[in-house]
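Q: I have just opened this one and would like to go through it slowly. Could you take my questions as they come?

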Amino acid sequence: MSSTGRVTQACARCRRQKLKCDALRPCILCVRAGVECEPRNSSSRATSDRASPARRRRSTHQKNRATTLDRSGSSGSAPNIPSLQRCGTISNGQTSSAPGQHQSPRVEVSEDQSPNESQQFGANTSVIGFAKNVFRHNDLLSPSITSTIPGDPGVFRQPSSRWALQNMIMPPPAVMHLLLDAYFDRVHWFIFLFHQPSFVIRADTLLTSTTWTRQDMPAIMAVLMTSAMALKCVMNDTAWEGHSVLGSYALDAKSLLSNLIAEIRLHLLDLLDDSQIETVQVCTLLGTYYIYHGSPSLAWSILGMAVRNAYALALHCDDTEEQQQIATQVRHRSWNHVTIADTFSAMIYGRPAGLDAAFAQLQPLCEMDDTVVAISDAHQDDTTNFRSGLSKLPFHVLKYRLYTITRRALDAFRLLRLKDPLSPEDQQALIGAVSHIESLLVSWQKEVPPHLSGDDWQNVEPSGPFPSKLQCLTHVEEDKARTFFLQAMVLQLTYDSTLILIHRPLLEHKMALGSISASSQNFVQRSLEVAVDAALRISRVPMLQFNHHLSLSFAFMHFFTAGVILCIPPARQPFSTLAQEAKAGIMRIILACRDVGSSSQIARHIDQLLTALLRVTVLREMDNALQNQTTGPVLLEQTETGFERDDTSTQAADSLPHQADHGNLYSSHLYSASMPSGLGGSLPTNLTGQGDAQLSFDLGSLHDNAGIEFDTQLDEAFGTFGQMMFNVQPDDRYTPWNWGSRSR
């Protein structure tokens with residue numbers, strides 16, 4: 001008996017989802033899912049996602065394969081895009097570039113980055129899969145079982161059954177098209193999930209249809225979710241043209257947003273049961289929405305759903321079959337952002353990440369028709385090449401890599417299992433981990449092209465004129481240049497926040513009595529300097545430029561951490577130049593929160609917390625200054641000239657990434673933006689030092705027998721914000737918002 005129980009060829013859906021198909025047509029799995037069963041040799045139909053039958057009826061516009069950039073036609077002054085060949089093939093070799101030309105990061109994939117079908121999740125298989133394998137290994141016919149675990153109820157759906165929204169009526173197409181345009185203008189550049197041309201065409205088909213079938217539901221949920229995200233961004237933007245259109249249909253923006261979210265929640269379980277690519281996309285966007293808009297516990301759970309569904313669809317695996325480029329790239333974009341969302345949520349909630357580190361690698365991206373940046377209409381007569389030579393991909397590739405470094409830092413710190421007070425061994429292990437992560441950041445920043453470098457955008461407006469390093473933006477439309485500006489600011493915020501994140505453990509933990517070596521003390525001193533310098537850079541980011549974009553709330557998350565860090569220098573060095581700079585930074589953050597408070601709930605909370613904290617900081621500064629007068633005069637000139645460092649400090653600094661590397665991309669006086677209205681010129685706004693090395697702190701009093709004792713007010717500020725925004729528990733040892741509480 002030679003039968004192995006395998007079918008000669010699985011259907012298209014089972015092959016894509018790596019399911020065990022049977023010999024019947026339609027196969028039982030497709031019948032159960034309520035979708036059309038297609039043979040694998042059917043090349044006339046195409047999908048833009050994994051197992052979405054509704055999208056198989058696309059027009060010929062969606063069947064066109066996306067084009068790769070003609071590198072020979074790029075402008076010599078434009079930065080190189082990631083090294084790309086045909087879609088699905090990423091070169092691991094170096095990209096050639098003209099002398100002096102900046103080389104953008106390449107998208108590299110190691111051989112073991114995407115496991116094949118038999119290695120998707122290591123050695124484990126489902127219990128049903130185990131049974132089938134036992135039958136096959138014994139030359140027996142595999143049992144006809146379609147589930148992955150026992151107990152499947154076997155619910156059958158009719159693929160052509162009619163389906164409709166339950167609690168709302170779909171808004172008119174004119175309204176929905178405006179919302180989709182707003183999504184791709186204000187959200188898509190930050191969260192890279194969809195292929196814009198095919199998504200818009202599919203949405204237009206659904207919006208103009210008089211009836212829908214059950215198989216249309218996932219795509220409709222994706223349209224509703226993107227519309228809700230866009231509506232949240234533009235709701236308070238009086239310049240948005242859609243407000244008049246909403247009024248013409250007697251629609252209220254706030255009520256419409258509530259209805260859209262309620263409808264999505266109503267169908268969420270059915271969407272999870274379908275387990276299609278839209279499930280991952282909707283869960284990712286819905287979780288992001290709730291992170292920033294008032295339901296953090298729900299956000300944590302929904303983002304976990306996105307992770308589980310991404311695994312179920314094997315988005316972390318390579319596609320071994322011939323598949324349309326759009327479908328492959330949408331899968332890769334969705335997977336990559338799932339890794340970002342999982343890392344970001346682990347960082348802000350202080351909880352373990354949901355993705356297994358063995359399967360959390362990034363998927364390769366390639367150039368497509370929606371990633372090419374065209375030149376402006378005003379310059380099209382000057383050249384026959386309508387491409388600017390710029391790409392939308394480098395920002396996302398750099399962001400993915402930066403979050404990979406953040407994930408490594410979180411994993412490293414958790415594995416150390418640090419306890420107060422730190423033993424000499426723990427001190428060295430922590431310093432080693434921080435140094436390693438810092439070296440990765442130095443390597444990362446060297447790959448940032450000029451048009452995504454915050455340093456090169458210093459004192460430059462998105463409307464131009466542009467300096468020599470940004471000449472590649474000369475022929476680009478202003479809205480595209482503004483997007484590059486916002487992306488540069490996002491990379492700066494993420495980079496500086498990662499710096500603060502990796503140095504915070506050294507500031508948080510106590511040192512064991514008598515175990516503080518000179519090198520450890522110098523490293524802790526440097527950690528505080530780096531954290532304060534990063535916080536000052538964050539405080540200078542022009543928040544008004546983010547207004548009415550999804551990234552506004554993301555930026556404010558980092559503003560709060562920076563504000564708390566800046567409360568330290570005034571208490572440690574009363575009335576010094578650095579203390580004045582720190583208070584000016586806090587003021588910039590508070591006033592920025594007030595300028596956009598109507599658009600962001602997070603901004604309003606930060607305003608309340610930092611305003612109270614600044615009052616306490618000023619009082620503490622005065623008390624400490626008066627107490628110092630009893631033992632000796634306050635030397636205001638100390639911080640202007642910097643404290644002298646001994647030979648040990650110099651030796652310790654030699655073993656670390658040099659601070660000049662950090663200043664390469666984000667110098668201490670990075671972005672001298674105009675101050676928010678109301679601040680005036682009462683406080684200094686620019687650093688007088690020459691980078692991190694000039695920001696010196698007298699930490700002798702901080703390394704006494706009691707260890708590092710942070711102010712109770714700082715602990716309470718972090719704890720209050722964490723409980724308010726993310727429902728974290730007080731005194732949770734893994735919670736970054738409550739750091740320092742163990743020192744009390």
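Q: Where does Asp623 sit?
A: Asp623 is placed in helix H21, which spans residues 601–629; helices here are DSSP runs of H or I with at least four residues, strands are runs of E with at least two, and both are numbered from the N terminus. This is a predicted model, in which local features need pLDDT of at least 70 and side-chain atom pairs count only at pLDDT 80 or more, while totals for chains, interfaces and linings use all residues. Residues are numbered from 1 along each chain as its sequence is written, and side-chain values use heavy atoms, with hydrogens and water left out.

Q: And is Asp623 buried, exposed or partly exposed?
A: Asp623 counts as partly exposed because its relative accessibility is 40%; buried means under 20% relative accessible area, exposed means over 50%, and partly exposed is in between, using a 1.4 Å probe and protein chains only.

Q: Which residues does Leu402 touch?
A: Leaving aside residues up to four places away in sequence, Leu402 touches Leu441, Trp444, Leu491, Thr494, Tyr495 and Thr498, where contact means heavy atoms within 4.5 Å.

Q: Changing topic, how do H16 and H17 cross?
A: Helix H16 (residues 478–508) and helix H17 (residues 518–539) have axes that come within 9 Å and cross at roughly 150 degrees. Axes are lines fitted to C-alpha atoms, for helices over the stretch in contact, and angles run from 0 to 180 degrees between N-to-C directions. H16 and H17 are therefore roughly antiparallel to each other; angles under 35 degrees count as roughly parallel, over 145 as roughly antiparallel, 65 to 115 as roughly perpendicular, and the rest as oblique. H16 passes H17 in a left-handed crossing, a term for the near helix being turned anticlockwise from the far one by less than a right angle, with clockwise being right-handed.

Q: What kinds of residues make up that contact of H16 with H17?
A: Among the residues that meet are Leu493, Tyr495 and Asp496 in H16 and Phe523, Val524 and Arg526 in H17. By class, the contact has 14 nonpolar, four polar and three charged residues; Ala, Val, Leu, Ile, Met, Phe, Trp, Tyr, Cys and Pro count as nonpolar, Asp, Glu, Lys and Arg as charged, and the others, Gly among them, as polar.

Q: At what angle do H5 and H7 pack?
A: Helix H5 (residues 173–186) and H7 pack at an angle of about 70 degrees, with their axes 8 Å apart, and H5 and H7 are therefore roughly perpendicular to each other. The contact of H5 with H7 divides into twelve nonpolar, two polar and one charged residue.

Q: How do H7 and H9 cross?
A: The axes of helix H7 (residues 217–234) and helix H9 (residues 253–266) come within 9 Å and cross at roughly 145 degrees, and the crossing of H7 and H9 is left-handed.

Q: Which residues does the cis peptide bond join?
A: A cis peptide bond joins Gly464 and Pro465, with omega about -5 degrees, and Pro465 lies in the loop between helix H15 (424–445) and H16.

Q: Last one, how many helices and strands does the chain have?
A: The chain has 25 helices and four strands, and buried residues make up 56% of its 744 residues.
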